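Let's take a friendly walk through a protein fold, one part at a time. Keep the picture beside you as you read.

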Amino acid sequence: MGRITERLIRSRAEHNEGMVSTLEEVALHQQNIEKIEALGQLCPKLKILYLQNNLIGKIQNLHKLKELEYLNLAVNNVTKIQNLQRCESLKKLDLTINFVSKAGLLTVESLRHNIHLEELYLLGNPCADWHGYRQFVVAKLPHLHKLDGQAIKPSERIAAAQALPELEAALAAELAAEGVDVAAAGQVEDDSLYDEDGIAAGEVPETGYVDEAGELRRPWCPATRILEHREQEKANREAEEKKKAASGNKPVVELGPSKPLRRDELPPLEDGERVYQKNEGRWDFSLEESGDGRALVLEVGVGKFLDTSLIQTDLQPTYVRLLVKAKLLQLLLPCEVRPDAATAQRNMTTGQLVITMPKENPAEPITDVAKLRPKVPGTSGTASVSAVAAAAASAAAAAAAAGAGGRGGGVAAGAAGKTGGGGSGSGSGGTSIYNIIKKPGDGDFVMKEVRKAAVVAAADDDDDEPPAL
């Protein structure tokens, strides 16, 4: 249940810099207020008071507002018009959509004391459905200028005054037939004779009944509105308490760093783990076939001023990985390559990193062109057919020459196959390229891979140490 408090009024008095003693206008609508209180003591200078869309069931505690000109009590639970006799300056009263019944029409006469009242709104009340409603009100309040927004003409006022005795008799007869005590229905209060007690409204009795389906049915009345609003407030409080209790029982979670942890090394890949395309640093790169069709060329724009020590590479037969400034570039290759024969170079002028990866089978054309990224958009990134044919012929000649080399060449090839390790589908294994170094000289810096050297078996050499690089 909402209550009118100094804090509430002060929060609604921003246009008056929070001063309530001199406040002339205040809006207290939609606050679930059930009782008018404290306004006479806190805001004696009020001229405009908005109390619409609340749960107010009784007009009271307004007798000290001598300067009140407009009172809006639309959409409330008012059943009688009373306790406004001392509001001497009242000019407009809005009681739209309340519960002023046909018997409540008898209390309209209490507004005779408000000689400045010009506008009255009773539309949406049960009393407005009575056939003589407008004439009765116009006759009872001769100083009224408008009723429900419609101007009262002099001729209408004269006709209403002439019909008033008949209307009063008809109304009394209908109320008596309905079992209403006419004398009690017409009695009104004047709370200026005693001080307000400030006590909140007590418990409201249940108005509904349970139907055959087990559902609660409530009639549309002031008590029903109060009950429903109180039930909703209770449900909201319980939900808020549950939310607070749930948040209090949550384990304390230590918040980690807002940024991901910096990688110092390439993340490991488990056997059988799927390799995804990644470009965490959003590096500008290209991957295409060399001009002669014998190799794949990867170019990465790592920046001119990036130190080479911040670059790590890992080349395998089917994929290549680069760790540049702790950002991973991971690419699947469109064909198998020979990691042990790959080279890495870096342009001294632009800083461009170029990795050349010889193909395992130079004569085989690339079919999985979707994994390529050519430098020139709109091109395929593959070598010409004639270049591939020439590469195939060169590879065949090299194979023939190797076959004529005898037993010694076979031993060397076998040793090279042993150093690979982890290869798939061929004798050449996956050799990682780590610790790229730069060698100063004329032109570009050349970065060579540090890898396990092939051990060539010799008949007269028992030394197991690998040859120097």
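Strands β11 (residues 284-289) and β12 (residues 295-301) run antiparallel and are joined by 6 bridges. This is a predicted model, so every feature described here is computed from predicted atoms. To see one of the pairings, find E289: its bridge partner in β12 is L296.

Together, β11 and β12 make a hairpin, with 5 residues between the two strands. Look in the turn for G293, which has a positive phi of about 75°. Is β11 largely enclosed or left open? Of its 6 residues, 5 are buried, so β11 is largely enclosed by the rest of the structure.

Strands of a sheet pair through backbone hydrogen bonds, and the pairing can be parallel or antiparallel. Elsewhere in the model, 7 strands form an open sheet with mixed pairing, in the order β1-β2-β3-β4-β5-β6-β7. Which strands stand at the edges of this sheet? They are β1 (25-27) and β7 (150-151). Each has a single partner strand, so one side of each is left without a neighbour in the sheet.

For a parallel pair, turn to β4 (residues 92-94) and β5 (residues 119-121), which are linked over 3 bridges. Here D94 stands opposite Y121 in β5.

## Two nonpolar cores

Now for the inside. The largest nonpolar core has 55 residues, and L51, L62 and L71 are those with the most contacts inside it. Which elements give two or more residues to this core? They are α1 (6-11), α3 (133-140) and α4 (154-177). The most comes from α4, which gives 6 residues.

Leaving aside its neighbours within four places in sequence, L51 is in contact with I4, L28, I33, I36, I56, L71, N72, L73 and N76. Apart from this core lies another one, of 25 residues, and V320, L331, C335 and M357 are among them.

## The largest pocket

Finally, how much space lies in the largest pocket? The answer is about 300 Å³. The pocket is lined by 14 residues, and the closest to its centre are L269, E270, E273, V275 and Y319.

What kinds of residue make up the lining of this pocket? The lining divides into 6 charged, 5 nonpolar and 3 polar residues.

Definitions and conventions: Residues numbered from 1 in each chain as written. Predicted model: local features only at pLDDT ≥ 70, side-chain atom pairs only at ≥ 80, totals over all residues. Heavy atoms only, no water. 1 Å grid on protein atoms, 1.4 Å probe; cavity = no way out; pocket = protein on both sides within 12 Å on 5 of 7 lines; lining within 4 Å. Points joined across faces, edges and corners; volume = space filled by probe spheres on them. Nonpolar A, V, L, I, M, F, W, Y, C, P; charged D, E, K, R; others polar. Pairing = 2+ DSSP bridges. Helix = DSSP H or I, 4+ residues; strand = E, 2+ residues; numbered from the N terminus. Core = buried A, V, L, I, M, F, W, Y, C linked by side-chain atoms within 4.5 Å. Buried < 20%, exposed > 50% of the residue type's maximum accessible area, 1.4 Å probe, protein only. Contact = heavy atoms within 4.5 Å.
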